[in-house]
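I opened this structure to look up a handful of side chains and their surroundings, and I kept notes as I went.

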Amino acid sequence: MTDNESFLKTAKQVVTDEARALDVLADSLDDQFAEAVHMILRAPGRIIVSGIGKSGHIGHKIAATLASTGTPAYFVHPAEASHGDLGMVSKGDVVLAISNSGEAPELANLLAFTQRFGIPLIGLSSKPESTLMKQADVHLLIPSLGEACGFGMVPSVSTTLTLAMGDALAIALMKYRDFKPEDFRAFHPGGKLGAQLSTVRDLMHKDLPLVPVGTPMSEALLVMSQKSFGVVGVTDETTRLLGIVTDGDLRRNMDGLLGKNTEEVMTRDPLTIAPNAMAEEAVAIMNDRKITSLFVVDPAAQGRAEGLLHIHDCLRVGLG
């Protein structure tokens, strides 16, 4: 067997072991998981996640996922907790303590603190008879299936199961709270994800190229040129959008253009989009129709033009 074949064999074995372990975890979930969700929902405070070593690294991720999906949470390092950070834990909070063995000595002071002040404790471990699980009010038990290394020393299967349990907890809470994409975006304003969750209102222009119906094309062309969108909207006296004049309309009406008015040249009942629509939807429409801009019209506002979204605005934030 070549080195490459050996590497691939090992990799497939690790992934297969972890995938099988996840199936076992899914089948093992019981009322204790539901009780953990209820305990967190009842808590007026935050979720304090703690763990040491690899459990701590996974705990950081679980806390971040909880916080970003509508459940206020933060990670407290158990060693730092023993040197003052216990002050970050207060009544009304819930502690989620993570330890595969359930015997991490660094957690001792935090566990004692929860008992002393009556702070609910959720234990996450693979050992039901461990110190952590005996002290916990609710038990999130992960199957004890060894590790993918074959000799039980490299956290792999156990950390995968712990991470999956944390994700399951966060998403169960998120769905119960009816946490929507727009809520998610509030916690993810930056990067590609923030762009994907942008609404049309977030990106649209409000300084609009608009002219009243019947405006001479000589004046409409001036507005079109000044705003630099390549389009001008045509409205009635209430600013209800009646039509648009685009570069294509100009080309189709070149013969005697300056002697015409907007009503004669415009495209009536143009395609529009609502301000609360996702920006990705707007990009899809523009790509499909091979257009570069959309007027933004709120159906609840009697068809009045509220904004203009240009494809360049979407490309600038990473959509397209």
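The entries below follow the order in which I looked things up.

**Entry 1: the model itself**

I am working from a predicted model, and I kept that in mind for each entry that follows.

I began with S126, which I found in the loop that runs between β4 (121-125) and α6 (131-135). Is S126 buried or exposed? Its relative accessibility is 6%, and because buried means under 20%, S126 counts as buried.

I then looked for polar partners of the S126 side chain, and I noted a polar contact of 2.8 Å with the side chain of N100 as well as one of 3.1 Å with the side chain of K127. Leaving aside residues up to four places away in sequence, I listed what S126 touches: S99 and N100, and then L141, I142, P143 and S144.

**Entry 2: a nonpolar patch**

I next turned to the surface, where F151, M153 and V154 form a nonpolar patch whose accessible area is about 350 Å² together. Of these residues I followed up F151, which sits in the loop between β5 (138-141) and α7 (157-176). With a relative accessibility of 56%, F151 counts as exposed, since the exposed class begins over 50%.

**Entry 3: cysteines**

How many disulfides does the model contain? The count comes to zero disulfides, under a rule that asks for a pair of cysteine sulfur atoms within 2.5 Å.

**Entry 4: salt bridges**

I wrote up some of them, beginning with the one between the side chains of D167 and K61, where N and O are 2.5 Å apart. D167 belongs to helix α7 and K61 to helix α3 (residues 54-68), so this pair ties together parts that are 106 residues apart in sequence. Both ends are partly exposed, D167 having a relative accessibility of 23% and K61 a relative accessible area of 34%.

I also checked E263 and R268, whose side chains meet in a salt bridge at 3.7 Å, N to O. This value lies within the 4 Å cut-off for a salt bridge. Here E263 is partly exposed at 40% relative accessibility, and R268 is likewise partly exposed, at 48%.

**Entry 5: D249 in helix α12**

Which residue does D249 form a salt bridge with? The partner is R252, and the closest N and O atoms of the pair are 2.7 Å apart. D249 and R252 are three residues apart in helix α12 (residues 247-252), which means that about one helical turn separates them. I noted how the accessibility of the two ends compares: D249 is buried, with a relative accessible area of 2%, while R252 is exposed, with 61%.

I stayed with D249 to see what surrounds it. Not counting residues up to four places away in sequence, D249 touches I244, V265 and T267. For V265 I also noted the spacing from D249, which is 16 residues in sequence and 6.3 Å in space, taken from C-alpha to C-alpha.

**Entry 6: positive phi values**

My last look was at backbone angles, with the reminder that most residues other than glycine have a negative phi. S228 has a phi near 65°, a positive value in a residue that is not glycine, and I placed S228 in the loop between α11 (217-227) and β7 (231-235). S228 counts as exposed, at 58% relative accessibility.

I found another case in K290, which has a positive phi of about 55° although it is not a glycine. Where is K290 placed? K290 lies in the loop between α14 (279-289) and β11 (293-297), and with a relative accessible area of 75% K290 is exposed.

Methods. Residues are numbered from 1 along each chain as its sequence is written. This is a predicted model: local features need pLDDT of at least 70, side-chain atom pairs count only at pLDDT 80 or more; totals for chains, interfaces and linings use all residues. Side-chain values use heavy atoms; hydrogens and water are left out. Helices (H or I, at least four residues) and strands (E, at least two) are DSSP runs, numbered from the N terminus. Buried means under 20% relative accessible area, exposed over 50%, partly exposed in between (1.4 Å probe, protein chains only). A polar contact is a pair of N or O atoms within 3.5 Å; within protein, one must be able to donate a hydrogen and the other to accept it, and residues adjacent in sequence count only if both atoms are side-chain atoms. Contact means heavy atoms within 4.5 Å. Patches are made of residues with over 30% relative accessible area and no salt bridge: like charges are joined within 9 Å, nonpolar side chains (Val, Leu, Ile, Met, Phe, Trp, Tyr) within 5 Å. Accessible areas come from the Shrake-Rupley method with a 1.4 Å probe; for residues, only the protein chains shown count as cover.
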